Amino acid sequence: MSPESTPLYLQLKDRIASDIAKGVYKPHSRLPSQRDFGEDHGLSHMTVRRAINELIQEGTIYGRQGSGLFVAEPKRDAELGPLISFTEDMRLRGMTALSKLLDTRIVSASTSLANILGVVVGHPLVFLRRLRLADNEPMAIQSTFLPSSLVPGLLDLSLENASLYQVLQAQYGLKIVDAQTSASADLASEEEAALLQLPLPAALLATEQITFLDDGRPIEFARSLYRGDRYRLQPAPRKPLTR
């Protein structure tokens, strides 16, 4: 598509995105108002609004009620692969991964969880809900279910900042070799937005992963909610890492 035939809103959107990529506008710096963009480029309010809305939806910029438009942090890649982990991902980026336990208990397997984990309905499952942080900044909320019969006494261990995969391997001799992962978009609830320190409405990247042992048994079902303003999907390298 030639520049002449490119819709005006896309031309403005591309120009703003290009300026951000070049460092004209820094992360969390305030952008000109929609009115200013319109006057500077001779564009209508509707044209400017469409460009701005698409940039917000893509996580390039964000708005604050009564304060204006701001540049979002560059997005980090979220794993979409079987054996890459949040812990290892942050380590490779030179950041320190931490966890805050939000909930730990034994629950009964629902019909769907029983099918996923290969157990009977009502089978006891270990449930962990953790807030994942990088250099003390909240990045994701992870809810994990494991058959308690495979990890007896797991909740008696110190799990606050432990790597779950390392615990499974070191304490229980379980060898994790594969996983299936899917991803979708979601909107944060009030509680999720508060935990991730996001203003509402907030877009999230939701992933669901079933992790398998070397004998083919499923050991874990995990649902992760990543900050949509900080993550994008990227296939992960297939190598054994720690969660």
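Arginine 35 sits in helix α2, which spans residues 34-41. In this predicted model, the residue comes out at 65% relative accessibility, so arginine 35 counts as exposed, the cut-off for that label being over 50%. Histidine 45 lies 10 residues away from arginine 35 along the chain, yet the two C-alpha atoms are separated by 7.1 Å.

That pair leads on to the packing of α2 with α3. The axes of these two helices are 9 Å apart, and the angle between them is about 120°. Angles of 65 to 115 degrees would be roughly perpendicular and those over 145 roughly antiparallel, so α2 ends up oblique to α3. As for handedness, the crossing of α2 past α3 is right-handed. On the α2 side the contact is made by Gln34, Phe37 and Gly38, and these meet His45, Val48, Arg49 and Ile52 of α3. Sorted by class, the residues of this contact come to 3 nonpolar, 3 polar and 1 charged.

Helix α3 (residues 45-57) also packs with helix α1 (residues 8-22), here at an angle of about 50° and with the axes 8 Å apart. From α1 come Leu8, Tyr9, Leu10, Leu12, Lys13, Ile16 and Ala17, while α3 supplies Thr47, Val48, Arg50, Ala51, Ile52, Glu54 and Leu55. The class tally for the contact of α1 with α3 is 10 nonpolar, 1 polar and 3 charged residues. Val48 and Ile52 of α3 turn up both in the contact with α1 and in the contact with α2.

Zooming out, the chain is built from 7 helices and 10 strands. It has 243 residues, and 46% of them count as buried. Take the contacts between residues at least 6 apart in sequence: 62% of these join residues at least 24 apart.

One of the buried residues is a glutamate. Glutamate 220 belongs to strand β9, residues 218-227. Its relative accessibility is 0%, and since anything under 20% is called buried, glutamate 220 falls in that class. The side chain of glutamate 220 has polar partners, among them the side chain of threonine 211 at 2.7 Å. Another polar contact, of 3.0 Å, links the side chain of glutamate 220 to that of tyrosine 165.

Most residues other than glycine have a negative phi, and most peptide bonds are trans. Against that background, aspartate 135 has a positive phi of about 50° without being a glycine. Asparagine 136 is likewise not a glycine, and its phi is positive at about 70°. Aspartate 135 is placed in the loop between β5 (124-134) and β6 (137-147), and asparagine 136 lies in the loop between β5 and β6 as well.

The remaining case concerns a peptide bond. The bond from leucine 200 to proline 201 is cis, and its omega is near -5°. Proline 201 is found in the loop that runs between α7 (190-195) and β8 (203-213).

Notes: Residues are numbered from 1 along each chain as its sequence is written. This is a predicted model: local features need pLDDT of at least 70, side-chain atom pairs count only at pLDDT 80 or more; totals for chains, interfaces and linings use all residues. Side-chain values use heavy atoms; hydrogens and water are left out. Helices (H or I, at least four residues) and strands (E, at least two) are DSSP runs, numbered from the N terminus. Buried means under 20% relative accessible area, exposed over 50%, partly exposed in between (1.4 Å probe, protein chains only). A polar contact is a pair of N or O atoms within 3.5 Å; within protein, one must be able to donate a hydrogen and the other to accept it, and residues adjacent in sequence count only if both atoms are side-chain atoms. Axes are lines fitted to C-alpha atoms, for helices over the stretch in contact, and angles run from 0 to 180 degrees between N-to-C directions. Contact means heavy atoms within 4.5 Å. Ala, Val, Leu, Ile, Met, Phe, Trp, Tyr, Cys and Pro count as nonpolar, Asp, Glu, Lys and Arg as charged, and the others, Gly among them, as polar. Angles under 35 degrees count as roughly parallel, over 145 as roughly antiparallel, 65 to 115 as roughly perpendicular and the rest as oblique. A crossing is left-handed if the near helix is turned anticlockwise from the far one by less than a right angle, and right-handed if clockwise.
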